[in-house]
Amino acid sequence: MLVLQRCNKKKYISPPPELFMPFHRSIYILLLTLLPAFTYAQKPACECFIKGVVKDRHTGQPVVGATVLIIGQNSGVFTDDNGRYELRNLCPGNYTLECRIVGYNPFQQKVDLTSGHEENFNLLEQEVHLKDVEITAHRTDAPSSQPLTTLSGIDLEKTRGQNLGESLKGLAGVTTLQTGSSISKPVIHGLHSNRVLIMNNGVRQEGQQWGSEHAPEIDPFIATRLSVVKGAAGVRYGSDAIGGVILVEPEELPVDKPLSGELNAVGFTNGRQGVLSSTLQGGIKNFKGFGWRAQGTIKRGGNIRTPNYFLDNTGISEKNFSLAAGYRNKGLGIDVFYSHFDTQIGIFSGSHIGSVTDLLNVIKNGEPFVKSGFSYAINRPNQNATHDLLKAETHYHFKNGNRFQWTIARQYNNRNEYDLHRPRNDSIAALNHPELTFKLTTLTNDVVWDHKPIAGKIAGQIGVSTLYQYNLMDGRPLIPNFNQFNIGVFWIERYVKNGWELEAGIRYDYRTLKTYRIVNREKVSKAFEYANFSGTAGATRNFSERFSVRLNMGTAWRAPNVSELFSDGVHHGAAAYEKGDATLKSEKALNTIASIKYADPKWSLEIGGYYNYIFDFIYLKPQPEPVLTIRGAFPYFKYTQTDASFKGIDIAGSWQFVKNTTISSKLSYLRVYDQRENSYLVMIPPNRLDNQLKYELPDHGNLHRLFFSVGNLLVAEQKRVPANSDFLPPPKAYSLWNVQAGTTVRLTDKQQLEVGISVQNLFNTAYRDYLNRFRYYADDMGRNASLRLKWKFGA
Amino acid sequence: MKMNRKLTWMLLLGVSLSFVQCKDSGDDVEPDDENELITSVTLEFTEQGTSNVTSFSYKDADGDGGNAPTKFDEITLKPNTTYTLAIELLDESKTPVNDITKEVEEESDEHLFVYTPTPSTLLTYTYGDKDANNLPIGLTGKAVTGAVGEGKLKVQLRHQPGAKNGTPTPGSDDVNLDFVLKVK
């Protein structure tokens, strides 16, 4: 065999050995990586391959059905019955391999297939065992038969500087519910707020999620991975995950690694917003098994500009930081994490209305009455929210393969909302107290036991989760004070054999809720009790390394939240009188989700269909008679229950039709129907189609991954709305263009700079979005150019 | 197994902790007296040249929601008559009752009452007061009725901090009531 290869100079996945201590976090997977890459004389380009074995360190068992894929490409393979995998037809270059295993967090590994050395050598197709690379992995526990979409690496970098909701918006099936441009909540398959669970670093995020203008208090810079589990995932994460789960996951702690860090700077022209975020991390010399990380973010922005005018008082200020430390010794691991999130958001002053007349006048005017120029000032109305999370986690791996994990966390969410108008009474106004204050304290406990694999094929876990929370409310009466206690017990088993993965799980939850409120100056207390089972069953069939099919059926249930039980007043943002109902029952979801996935080096396609039937779905039903208040008559909406069906399809595909040029498309299609009333439901995201054309240049000197892309987002008009349900029909369809470019510059061996530029809403199109609550008052954001820099140093 | 015993203890500790971490939010509930409400609006018509006073009110003692408004009077006035119109706003949910009229007066530079009859021939309103910036307020004024007829009188209190210019457009409604108006 003639050898003139350019890709096998470095022969193995080569992390510095000290990065991988023998006992690290969680379960270890041995990736025996063999890179005997070889080529033929006439076509040296793309004949490299990577092959190896994935093994569980503790049991020594090969891991069957793990996915090994190359980030940024569409090639991925599954490990066979012996845990072996092989990736073929690779061009020389730098790759990041990712290994995903059922029940483990994906792990990434850099692979260098460039001509770093000068020597040629002759390797025939034989495996050479070069080095054992120990890979540490942390559990995600997401059901493997449910679609899990992850944003990480370059795709996550492109979203840097945006809030959590905006960052996830690019994923198929995920949209946002917005209040202006600075407040956005993720919507999965048409469901949001209390129906979507956010796991922030392994802990359920508990804020005032019921409010549509209450965005999740999470700094996305904490995460190196944002994942979305679509569909009811109640069994593992909590019974109320009816729509799905969002996993916000930081990188593993750098135990015993040298000091490293990164500095991110992002600037946006619209709002003249700047974001700075930095991370420092490392181990400690002479303190084996220790790792730490410190991270902080500052964000400041001013008034947002629509194509034709500024939006008064839409500035934002955010200061967040987090600290993490961990210790590993043999099978033992202890982690402590603290994060503080502090945001101050101006609410567009033109959105303050006192009566229906006010609202109708703004709608008639077509643009806001309040005009302004640019300013960074944040005045009334505004909302200030802080969120503190303290988490301690410990786990122990037994030699026989069992594993025990205990997580305890305390969260404190302090939300203050300031109305546009101060109190008229001067002495009260001088106090400048918020008109609404919510202080929510949540304590959670999770104990999980993983039993050792039975016959190397059945793995499972049993867990107990408890939650205690209490809410203290001040100001204008809105929701009551409450104490809530929840206990959940779950059991999940997985069976893997011959390309099949089967899983089933069951969970039981019991919840008590006690509310306290003032009625006619008297304290009134009411107690509630809810309990139910939830379950999941699913199958995955991996026909080949490129083709797999999944089916999952899951149930979830959600107890009504306090605002659904006790709301009683005018919702000024919506010009509606909303009334709760203390007799509401829990809503129950039965979700079926099926997907097929095909991926090869040239093209990939993933099609997912779902049918989520929600019994006793809680929604605001318009009542025939308006309610008379001192500000006039308001349309009357009452929290009511119905049966609702959510049917939809998510399609994501990409095709490299010419060398270096890829077109990718994402389609989200959703139909929602009120089965009892035989009509549609309001506030359902319209269908959307996202297309991107990307040209990636070959590496050039120190420039890596240089790309240009142009994209278009097409959002349809939501035509499926109940008749006469709104002051304004849903906005027209819109089409937005964007351009992006980026590259990574390798400065030195240990330093690199990532640069990205983008222009969103390229043609400064005036549009309004149906799921933006400000659509009555003003247009959405105009053109927004951004520059993103990331400097990384150390390991 | 020493380790297993330790773990059992940890487990017990964890589970027990989850029960003792409780605080009762019920200890913390009290009425909020900083929260300003307008629960009653009274229009006082004094026939010019006499001491004949007729009052018409809207009352919703517990504010929005809860119990329905207890009073929403029809305004009955004589045709072709000149009245002095005064308005009184109260917050009756507090003890003692809070006089909002006084507070509006103190901050008259950011408040404007607007009286709109339909049809417009029913009544003509002329402002009788001015704020520090020489803009009308509407706490007191003159109402002249037209010929016999029936319609509505819309009474609005526009809250216009920093934006008051004498027109109703800026700001938002603090009061927006459609009284039935009968001139007979």
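The side chain of D769(A) reaches the backbone nitrogen of L771(A) at 2.9 Å, where a polar contact is a pair of N or O atoms within 3.5 Å; within protein, one must be able to donate a hydrogen and the other to accept it, and residues adjacent in sequence count only if both atoms are side-chain atoms. The structure is a predicted model, in which local features need pLDDT of at least 70 and side-chain atom pairs count only at pLDDT 80 or more, while totals for chains, interfaces and linings use all residues; side-chain values use heavy atoms, with hydrogens and water left out. Residues are numbered from 1 along each chain as its sequence is written, with chains lettered from A and ligands numbered from 1 in the order in which they are written.

D769(A) lies in the loop between β40 (751-760) and β41 (784-793) of chain A. Helices (H or I, at least four residues) and strands (E, at least two) are DSSP runs, numbered from the N terminus. With a relative accessible area of 6%, D769(A) is buried (buried means under 20% relative accessible area, exposed over 50%, partly exposed in between, with a 1.4 Å probe and protein chains only). Beyond its neighbours within four places in sequence, D769(A) is in contact with R688(A), V715(A), P731(A), Y734(A), R775(A) and D780(A), contact being heavy atoms within 4.5 Å.

Strand pairing was examined next. Two strands pair if DSSP finds at least two bridges between them. Strand β37 (residues 688-696) of chain A is joined to strand β38 (residues 703-715) of chain A by 9 bridges, and the two run antiparallel. Y695(A) has F708(A) in β38(A) as its bridge partner. The hairpin of β37(A) and β38(A) has 6 residues between the strands, and there G701(A) takes a positive phi near 60°. β38(A) also pairs in the antiparallel sense with strand β39 (residues 734-748) of chain A, over 11 bridges. In that pairing H704(A) stands opposite T744(A) in β39(A).

Elsewhere in chain A, 5 strands form an open sheet with mixed pairing, in the order β9-β14-β15-β12-β13. β9 (148-152) and β13 (203-204) of chain A stand at the edges and have a single partner strand each, so one side of each is left without a neighbour in the sheet. Within the sheet, strands β14 (residues 225-230) and β15 (residues 244-249) of chain A pair in the antiparallel sense over 6 bridges. V228(A) has its bridge partner, I246(A), in β15(A).

Cavities were located on a 1 Å grid over the protein atoms alone: a cavity is a set of points where a 1.4 Å probe fits but cannot get out, and lining residues have an atom within 4 Å of a point. Grid points are joined across faces, edges and corners, and a volume is the space filled by probe spheres set on the points. The structure holds 13 cavities of 30 Å³ or more. The largest cavity has a volume of about 290 Å³. Its lining consists of 24 residues, of which N194(A), E206(A), Q469(A), Q484(A) and N561(A) lie nearest its centre. At least two lining residues of the largest cavity come from each of β12 (196-200) and β25 (481-497) of chain A. By class, this lining has 10 nonpolar, 8 polar and 6 charged residues, where Ala, Val, Leu, Ile, Met, Phe, Trp, Tyr, Cys and Pro count as nonpolar, Asp, Glu, Lys and Arg as charged, and the others, Gly among them, as polar.

For the second largest cavity the volume is about 160 Å³. Of the 19 residues lining the second largest cavity, A215(A), P216(A), E318(A), F341(A) and I345(A) lie nearest its centre. α2 (164-168), β19 (316-329), β20 (332-346) and β21 (382-397) of chain A each supply at least two residues of this lining. The largest share, 3 residues, comes from β20(A). The lining of the second largest cavity divides into 9 nonpolar, 6 polar and 4 charged residues.

The peptide bond from R380(A) to P381(A) is cis, with omega near -5°, and P381(A) is found in the loop between α4 (356-365) and β21 of chain A. The bond from T118(B) to P119(B) is a cis peptide bond with omega near -10°; P119(B) lies in the loop between β7 (111-118) and β8 (123-127) of chain B. S193(A), a residue other than glycine, has a positive phi near 55°. S193(A) is placed in the loop between β11 (183-188) and β12 of chain A, and is buried, with a relative accessible area of 11%. N80(B), also other than glycine, has a positive phi near 50°. The loop between β4 (75-77) and β5 (82-91) of chain B holds N80(B), which is exposed, with a relative accessible area of 59%.

Key. On a 1 Å grid over the protein atoms alone, a cavity is a set of points where a 1.4 Å probe fits but cannot get out, and a pocket is an open set with protein on both sides within 12 Å along at least five of seven lines; lining residues have an atom within 4 Å of a point.
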